[in-house]
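Student: Please take me through the features of this model one at a time, giving the general idea before the particular case.

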Amino acid sequence: MNILKAGEKAPQFTLQNQAGEAVSLSQFTGQNVLVYFYPKALTPGCTTQACGLRDSKSELEALNVIVLGISPDLPQKLAQFAEKKALNFTLLSDPDHKVAEAFGVWGEKKFLGKTYEGIHRISFLVNEQGVIDHVFDKFKTSEHHQMVVDVIKGSN
């Protein structure tokens, strides 16, 4: 894995959201965007992380931050996740993991003694010019949202 670093230009992408509509990173030029990758909708860690971001939405919006969650799940599964957990931000479907690969977050994982390919739980704060300001790669899912807020407040 070759994870993108702060200072690098974020790869442009267009993916389907939970409603099956096309969403592009370029739509958010002029805003900060938290592009967060998570392994699988409706799993415990991913739910904890998503709910923390959901509960921080007004604070993030006040800091001019849009949240885009990306996983390999199909739009129908993302719609279930958003509905079941009352998620108030955009979830994007990356079933062929092309965007995950472009950001360098697709790679080998180990779980219960098995090795497989998957998305690593890593987030990128992309600034108003489309450049990565910060990479979040070591965090507890329950603390992710607060780390994002703290980094943004510290950089203003």
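Tutor: Let us begin with exposure: a residue is called buried under 20% relative accessible area, exposed over 50%, and partly exposed in between, with a 1.4 Å probe and only protein chains considered. This is a predicted model, in which local features need pLDDT of at least 70 and side-chain atom pairs count only at pLDDT 80 or more, whereas totals for chains, interfaces and linings use all residues. Residues are numbered from 1 along each chain as its sequence is written, and side-chain values use heavy atoms, with hydrogens and water left out.

Student: Does Asp55 count as buried or exposed, and with which residue does its side chain meet in a salt bridge?

Tutor: Asp55 counts as exposed because its relative accessibility is 55%. A salt bridge is a side-chain nitrogen of Lys or Arg within 4 Å of a carboxyl oxygen of Asp or Glu, and the side chain of Asp55 meets that of Arg54 in this way, at 2.8 Å from N to O.

Tutor: Lys57 pairs with Glu61, the closest N and O atoms being 2.6 Å apart. Both residues lie in helix H2, four residues apart, which is about one turn of the helix; helices (H or I, at least four residues) and strands (E, at least two) are DSSP runs numbered from the N terminus. Lys57 is partly exposed, because its relative accessible area is 24%, and Glu61 counts as partly exposed because its value is 44%. Another salt bridge joins Lys110 to Glu108, with the closest N and O atoms 3.4 Å apart, and Lys110 is exposed, with a relative accessible area of 63%.

Student: In what order do the strands of the open sheet follow one another, and which strands stand at the edges?

Tutor: Two strands pair if DSSP finds at least two bridges between them. Here seven strands form an open sheet in the order E2-E1-E5-E4-E3-E8-E9, with mixed pairing. Strand E2 (22-24) and strand E9 (132-136) stand at the edges with a single partner strand each, so one side of each is left without a neighbour in the sheet. The twist averages 30° from one strand to the next, where axes are lines fitted to C-alpha atoms, for helices over the stretch in contact, and angles run from 0 to 180 degrees between N-to-C directions.

Student: Which pairings illustrate the parallel and antiparallel cases?

Tutor: Strand E4 (residues 65-71) and strand E5 (residues 90-93) run parallel and are joined by four bridges, with Ser71 standing opposite Ser93 in E5. E8 and E9 run antiparallel, also through four bridges, and Phe124 has Val135 in E9 as its bridge partner. The hairpin of E8 and E9 has five residues between the strands, and Gly130 there takes a positive phi near 85°.

Student: Which strands does helix H1 lie across, and which does helix H3 lie across?

Tutor: Taking contact as heavy atoms within 4.5 Å, helix H1 (residues 44-55) lies across strand E3 (32-37), E4 and strand E8 (123-126), running at about 165° to E3. Helix H3 (residues 75-84) lies across strand E1 (14-17), E4 and E5, at about 155° to E5.

Student: Which residues form the nonpolar patch on the surface?

Tutor: Patches are made of residues with over 30% relative accessible area and no salt bridge, like charges being joined within 9 Å and nonpolar side chains (Val, Leu, Ile, Met, Phe, Trp, Tyr) within 5 Å. Phe111, Leu112 and Tyr116 form the nonpolar patch, with about 370 Å² of accessible area together, by the Shrake-Rupley method with a 1.4 Å probe, only the protein chains shown counting as cover for residues. Phe111 is found in strand E6 (residues 106-111) and counts as exposed at 53% relative accessibility.
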